[in-house]
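Colleague: Could you take one part of this model and go through it closely? I would like the packing described residue by residue where that can be done.

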Amino acid sequence: MRLKLLALFLFVGSVSLFAQDYFPINDGVKAKKNNNYMAFTNAKIYVTPTQVINNGTLLIKNGKVVQVGKSVSIPKNAVVEDLEGKSIYPSFIDVFSGFGVEKPKRAPGGGRSAQYEPTREGFYWNDHIMPENNAIGSFKYDAKKASDLRKAGFGAVNANIEDGIARGTGVLVALNDDASEAQRILSDKSAQYFSFEKSVTSPQSYPGSLMGAMALMRQLYYDMDWYSKGNVETNDRSLEALIANKGLTQIYAAGDNGNVLRADKIGDQFGVQYTILGGGDEYQFIDDIKATNAKLILPINFPDAYDVSNPYEAEYIELKDMRHWNMAPSNPKVLADNGVEFTITLHGLKSPKDLKDKLMKAITYGLSKTKALEALTTVPAEILGKTGEIGSLQVGSQANFLITSGEIFDKGTILYENWVQGTKDIIQNKDIKDVRGDYNLALGGSTYSVSLTGSIDKPKAEIKKGDEKLDSKIDYSADWLNLSFTEDKIGSYRWVAHVMDNSGTIKGKAVTPNGDESTATLTLTKAFEEKEDEEKASEAPQLMALTYPNTGYGYASKPKQETILFKNATVWTGESILENTDVLVKGGKISKVGKDLKAGGATVVDATGKHLTAGIIDEHTHIAALSVNEGGHNSSAEVRMADVVDPTHPGIYRDLAGGVTAAQLLHGSANPIGGQSAILRLKWGESAEGLLFDNAPKFIKFALGENVKQSNWGSYSRFPQTRMGVEQVYTDYFQRAKEYDTQKKSGQPFRYDEEMETLAEILNGERFISCHSYVQSEINMMMKVAEKFDFRVNTFTHILEGYKVADKMAEHGVGGGTFSDWWAYKYEVNDAIPYNAAIMHSEGVTVAINSDDAEMSRRLNQEAGKIVKYGGVSEIEAWKMVTLNPAKLLHLDDRVGSIEEGKDADVVLWSDHPLSIYALAEKTLIEGKVYFDREKDKEMREAIKKERNLLIGMMLNEGKKGGPTRTPVQSEKQTFECDTQ
Amino acid sequence: MKKLFLIIAIVFGVSLNAQQTPAPPQSEQIAIIGATIHVGNGEVIENGTIIFTDGKITSIGADLMAPTIGTMINAEGKHVYPGFIAPSKPLGLVEVDAVRASDDQDEIGEMIPHVRSIIAYNAESKVVESMRPNGVLIGQVTPQGGTISGTSSIVQFDAWNWEDAAIKTDDGIHMNWPNFFRRGRWWAGEPRGFRPNENYGKEMDDIKMFFDNSDAYSKAEEKEKNLPFAAMEGLFDGSKRLYIHAHGEKEITDAVTFAKAAGVQHIVIVGGYRAYRIADFLKENNIPVLVNVTHSLPKMEDDDYDLPYKLPKLLVDAGLLVGIQNEEMGNFQARNMGFYAGQAVAQGLDKETGIKMLTGNTAKILGIDDMYGTLEVGKSATLFISEGDAMDMRTNQLTKAYIDGRDVSLETHQTKLWKRYMGKFEREGK
């Protein structure tokens, strides 16, 4: 139905070119339609980037291509232009533009307390979902900008409203100043747009994070489905628009490599293949990008070099940012080499003028000219479903084309004309006469030497009398050359001439200072010679090597599985400490533990005097996350930390250097029901997906206490504000989840709800809770709520008053993941004591020591050491608190957490007793791959230093050559804790 | 009598959660025998004896005759250390970070040297008492915030009130040097990373004008009292130290150059993340460093992962006088002072040098080395006995601590809760 409507509309749209026939007119005669042809002959014509006609003819009429080819018969009523030596290209198309669409303004107000409800009625429950918005609604043709765009070679742009998560439809416009909207609007619903960013027009709180935006997108599709089946009795104009827009091209404004993957993942789940706006950093994860099969919309706003002349300032630039400066121009080439289809956008460039420079740079870095041209013509046309209409010069397509002096992406090539829908725009007069050269001008008895240099259209003049240089002025336009110059003590001379040909003499009229008029002639003495460009374009730029990840401590290649025999170590197994013992790591597993093991083909590591343990597992961390809290609702069970893993976060490498091999990435504590956890293996160099612990059980973060009550910041509008209310939130949600689950299992239709699905998993024992908790009353409450709904809380984290109810915890069967000695930072930790772990342990609770802190995470072995100090727990039990016990709490103890034959080879070699402050992690392995090695680390430090110096040298060079530079700034990764907003 | 005290302690202590009662003055001679004594100046005495009377050390050495009077403590296999010092902390000025009513660390104003920490120091802080069981017995109570935050004082951690606690009142003025790169104002839409501080020059000039005015004021013959200017006088006559909190090469260079030109007598750099790069300059100018806590993250991604760990060693190796501080962390963390030094030792620093950074060096830097920081005859008997290496959490286990010879309690609000709940579960047979 919808498609038909669309087709109908397109039909109407296309006829409208001539449809004004039926409009009455009162400003003249009606019979004045120009039905003549225009023929462009003898040109090199790029019908498409790959179909090129030498000495061809392009015939157009009424704004469309009528014929194109080598032997085109030219009708008599044709105006013929001989384009000998010139080229014709299809005009460019930008798929991602803000042309003519006003950016929405930020909503005023926004008090201390957040707004949780939507502002609108009759639309989707979330203000940031606005598929009903159509760019055409606020579109206003901007002739000034259109002119700038034509100068850059564009003939059509696709504009959208850059605001909100679902942004509605775009409008495809031909940049034809002379046409009416009826003609130049090529499509008023050209594509549907999405992003991860909230609308500025609404203060509605949800979603407050990237993962929230992703969850919202998923729920939106579920709701669309539910609505389209007629299950909703009220009207929702957002969902109706979303349903109506289904058949359009779906464009996701992602903005960087990680978000490209995120957008594609959402699309995959709902059978939508988005065309995705990238960020120019796709080369860093090219395999994953390629696997999306998405077409990309590629910005080419390659970063400027940093001004590194001040070493103190240069210090603030990370290697990865210097390297990105070096590598970004190769991004289009890398994508092309990998078969990723892309279109190039002006998005991100300061001005359309910059396009050519950046394109030429990309070409210097290896992008083929054909690919570049495709990226601006055929690919965008295809993306918009407009192949045959724009983007090529096939018969029947719009007469949108460029006339150039030669190869369009060559430095000296001049863009003469940009025709859009048959309307000519002269960018530079192609018939201009080249007046450049050295001349003599005889005037009033003197001879002046006149040197005209510079560009053809805007020559510069230097006028001398003898050796004396005179002040002069030049103007050259429409074949009129005008010179004026001033001679000391005499006065100003003026001279003007109509340039007739390139014969070497230009005859003009001169006026002397005293007003006498005469004829004076410029006589050529030396023809103009273009100076050799100092910078040789052909010089291949030096590219840095990509590392995994592409940051300072990234590896040249991803670590591979090794067979290693650790000889003569002190080995910490699950329950004992074995002296002088060997451990063989093979096939990613702990293959053998024993005395005098045979090496076979294994690499032997002498571990005499050293300790070998299982890798540390941090049960509670927030490293490697792009966001940590979705506090826009009091429950956010639908959000997933796995959606926002940042595989380039330096915390991963630093944790490895502290012997950590796995970590649970928890949602923060902004709300009673937080988001779904991600369990990571710290496989430095893998993509976000590759960091996830395979087949790990499912977890979710809950939270109690001051944070969920919002006690320590001024927000008073969200339920709950007390511990009493917290209990009610849980009771309410679990009750509803139970009913939801019953409905679902009954086979009746139900509205798929990601939040309820997640909570039902808890009720069904398929998902486990890690609950942030402080005081004994709330700990007790949480257990009682769980028992009422017939499940068990898996882990209490923080759990600083766990010691007060340790017996109840043991009885409930919940574990405790706590800090060794933190307290005094807020009211609810007044009674936090470092003996907490020891007491809980003595009461039979499974205790883990975890970090919630990127700094502490990388020395959890020391924190375990403190448990020996505070409360006298045995060393092996203390050690288990950072290895086997967290593995148990994560239900992964059959695979990791201790050195046992058959378990995964996630092990650490320590220089000293692992509970001691003096112990250094020397090697850290995950599944038998060495992810940290102190020796290798030393080498990398040197390599970083070298590469920084090299790049700094290159940037200084760039500065010397006069290239643009920018002030150094640091691009810092945020480090999170539980209550980071 | 002792029993009665215990009963009182239980009744009042537990119900009121009050601080442990300060110990009475030393009443008889105490001798600690057979210990490994870490003097605090780099020396270590194996199987040593230390004797103190009336709060002062009377003898120390390896071959001392066992005394016949007073208390004898056999510390064979144990270690004796001078009390650790926590410089540059708002200890006793804030009890619970998130509870505003308990926060007295940061007064309004950019240049407020006249604001004095000592009078707000809460000698009964539960956080302060939790320092003692780990061997941290002395602290420099330091106001926070602004450019010139105020004036610190040095206290010992077992006292009834701030007058009792004071070791050195108004010892120094603390100044946060401006940063020539500042953090992005992310709340205003800027990226979070460091960017140029466009006001650096002006901020430096504001400081210069303030110092110049203070100097001029000190020379005036007739004065209308100006409290901030007056508070600065000690910097010029050498009675107060100037603690400059700065990290970058440029900032430290600017700050030291400025302070010397301004006539400041004693300059100390606090922080000094990049001090190792200008160690020669600091050495030439005889500037000590209270180095950044080792338990912190590298400030740049490209920095060595263990740069914070080895900072102290880099400075020591360059020949600077180095103490250790943890001003970037919560107050409660100051009890981990010993471990911060241990972390530096793990990077190859000599163990006794590690101890010096917590004791002798710090006392010298703070100007209390006439009485504190090392275990030498005539100095205060402020020391503790640990079962093992006090820089390692695995072995830091205090059996005794003395401040000015007073046998101070190692119990705290936290140990009481520990015992109380262990007792509960024992009673219930769980």
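Modeller: Two residues are taken to be in contact if their C-beta atoms, placed from the backbone, lie within 7 Å. The model is a predicted one. With neighbours within four places in sequence left aside, A:Ile88 is in contact with A:Phe40, A:Ala43, A:Ile45, A:Tyr46, A:Leu58 and A:Leu83, and also with A:Phe401, A:Leu402 and A:Ile403. A:Ile88 belongs to the largest nonpolar core, which has 371 residues; A:Ile88 and B:Ile244 are the residues with the most contacts inside it. Helix α5 of chain A, residues 210–228, gives this core its largest share, ten residues. Another core, of 19 residues, lies apart from it and includes A:Val435, A:Leu483, A:Ala520 and A:Leu522.

Turning to helix packing, α18 (residues 723–745) and α20 (residues 776–788), both of chain A, have axes that come within 10 Å and cross at roughly 20°. Angles under 35 degrees count as roughly parallel, so α18(A) is roughly parallel to α20(A). On the α18(A) side the contact is made by A:Arg723, A:Val726, A:Glu727, A:Tyr730 and A:Thr731, and on the α20(A) side by A:Ser777, A:Glu778, A:Met781 and A:Val785. By class, four of these residues are nonpolar, two polar and three charged. The crossing of α18(A) past α20(A) is right-handed.

Last, helix α24 of chain A, residues 860–869, is mostly covered, with ten of its ten residues buried. Among them are the charged residues A:Glu863, A:Lys866 and A:Lys869. Just after α24(A), A:Gly871 has a positive phi of about 110°.

Notes. Residues are numbered from 1 along each chain as its sequence is written. Chains are lettered from A and ligands numbered from 1 in the order in which they are written. This is a predicted model: local features need pLDDT of at least 70, side-chain atom pairs count only at pLDDT 80 or more; totals for chains, interfaces and linings use all residues. Axes are lines fitted to C-alpha atoms, for helices over the stretch in contact, and angles run from 0 to 180 degrees between N-to-C directions. Helices (H or I, at least four residues) and strands (E, at least two) are DSSP runs, numbered from the N terminus. Angles under 35 degrees count as roughly parallel, over 145 as roughly antiparallel, 65 to 115 as roughly perpendicular and the rest as oblique. A crossing is left-handed if the near helix is turned anticlockwise from the far one by less than a right angle, and right-handed if clockwise. A nonpolar core is a set of buried Ala, Val, Leu, Ile, Met, Phe, Trp, Tyr and Cys residues joined through C-beta atoms within 7 Å. A residue is buried if 20 or more other C-beta atoms lie within 10 Å of its own, exposed if 12 or fewer, and partly exposed in between; C-beta atoms are placed from the backbone.
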